[in-house]
Amino acid sequence: MKKTQFLIWAVIILFAMNVATIVTIVVSRNRTVEPKTTQVQNPPADPDAVRFHFFAQELGLRPEQMEAFRNANRTFNPRVHQLSMEMADMRREMVNELGKENPDRQKLDSLAAAFGNLHRQLKEQTINYYMELRSVCTPEQQQELHVLFRTMLNPNNDLPLHRYGRGWRHGRGMRRGRPGN
């Protein structure tokens with residue numbers, strides 16, 4: 001008798017679990033997920049726009065925040081581009097001087113000092129940019145922004161800015177597969 005009752009209850013429980021599993025599968029297949037308004041399906045071709053859209057997606061920016069980020073980008077990008085171009089020219093000049101039969105040490109020292117000044121200006125622009133972006137973020141977004149910048153400033157970063165839209169780290173975005181925090 002006890003064995004029969006036990007088997008009856010086991011069958012009832014297993015039946016209930018099967019029904020619950022089937023209902024879960026059916027409901028999840030019919031469920032539509034609303035995409036975030038900041039999610040980008042077609043990535044822009046411009047690298048500066050890629051960075052903007054990457055931030056917007058990873059931080060889940062609201063429209064008013066997106067406008068503030070867009071304005072910060074419009075200020076930051078040309079300044080940084082100009083500094084980067086000057087640094088590239090200076091690197092070429094240094095290499096050319098080093099390649100001469102008798103490199104001028106004073107000229108090289110002067111170039112190194114000027115390059116250091118440009119590098120300082122570049123870092124100051126980056127700090128200003130970060131602080132401006134941070135000022136429009138919620139506390140949670142500020143934490144995410146910090147992680148993004150920390151990762152971006154790591155020379156071995158694995159951010160998908162050059163392949164935006166395909167995900168990274170085997171198809172996962174930053175929020176789901178954050179690199180070493």
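**A helix and its neighbours**

Mentor: The buried residues of helix α3 are Gln 65, Met 66, Phe 69, Ala 72, Asn 73, Phe 76, Asn 77, Val 80, Leu 83, Met 87, Met 90 and Glu 97; buried means under 20% relative accessible area, exposed over 50% and partly exposed in between, with a 1.4 Å probe and protein chains only. The model is predicted, so local features need pLDDT of at least 70 and side-chain atom pairs count only at pLDDT 80 or more, while totals for chains, interfaces and linings use all residues. Residues are numbered from 1 along each chain as its sequence is written, and side-chain values use heavy atoms, with hydrogens and water left out.

Helices are DSSP runs of H or I with at least four residues, numbered from the N terminus. With 36 residues, α3 reaches 51 Å from its first C-alpha to its last, close to the 52 Å expected at 1.5 Å a residue; the expected span is 1.5 Å times one less than the number of residues.

The axes of α3 (residues 63-98) and α4 (residues 105-135) come within 10 Å and cross at roughly 165 degrees. Such axes are lines fitted to C-alpha atoms over the stretch in contact, and angles run from 0 to 180 degrees between N-to-C directions. The angle makes α3 roughly antiparallel to α4, a description used over 145 degrees, with under 35 roughly parallel, 65 to 115 roughly perpendicular and the rest oblique. By class, this contact has 18 nonpolar, 5 polar and 7 charged residues; Ala, Val, Leu, Ile, Met, Phe, Trp, Tyr, Cys and Pro count as nonpolar, Asp, Glu, Lys and Arg as charged, and the others, Gly among them, as polar.

The structure holds 6 aromatic pairs, where rings of Phe, Tyr and Trp (its six-membered ring) pair if their centres lie within 6.5 Å, and planes under 30 degrees apart count as stacked, over 60 as edge-to-face and the rest as tilted. Phe 76 and Tyr 129 are stacked, at 4.0 Å centre to centre and 15 degrees between the planes. Phe 76 lies in α3 and Tyr 129 in α4, 53 residues apart, and both are buried. The rings of Tyr 130 and Phe 149 have centres 4.8 Å apart and planes at 75 degrees, so this pair is edge-to-face. Tyr 130 belongs to α4 and Phe 149 to helix α5 (residues 139-153), so the pair ties together parts 19 residues apart in sequence. One aromatic cluster includes Phe 69, Phe 76, Tyr 129, Tyr 130 and Phe 149.

Note on methods. Helices (H or I, at least four residues) and strands (E, at least two) are DSSP runs, numbered from the N terminus.
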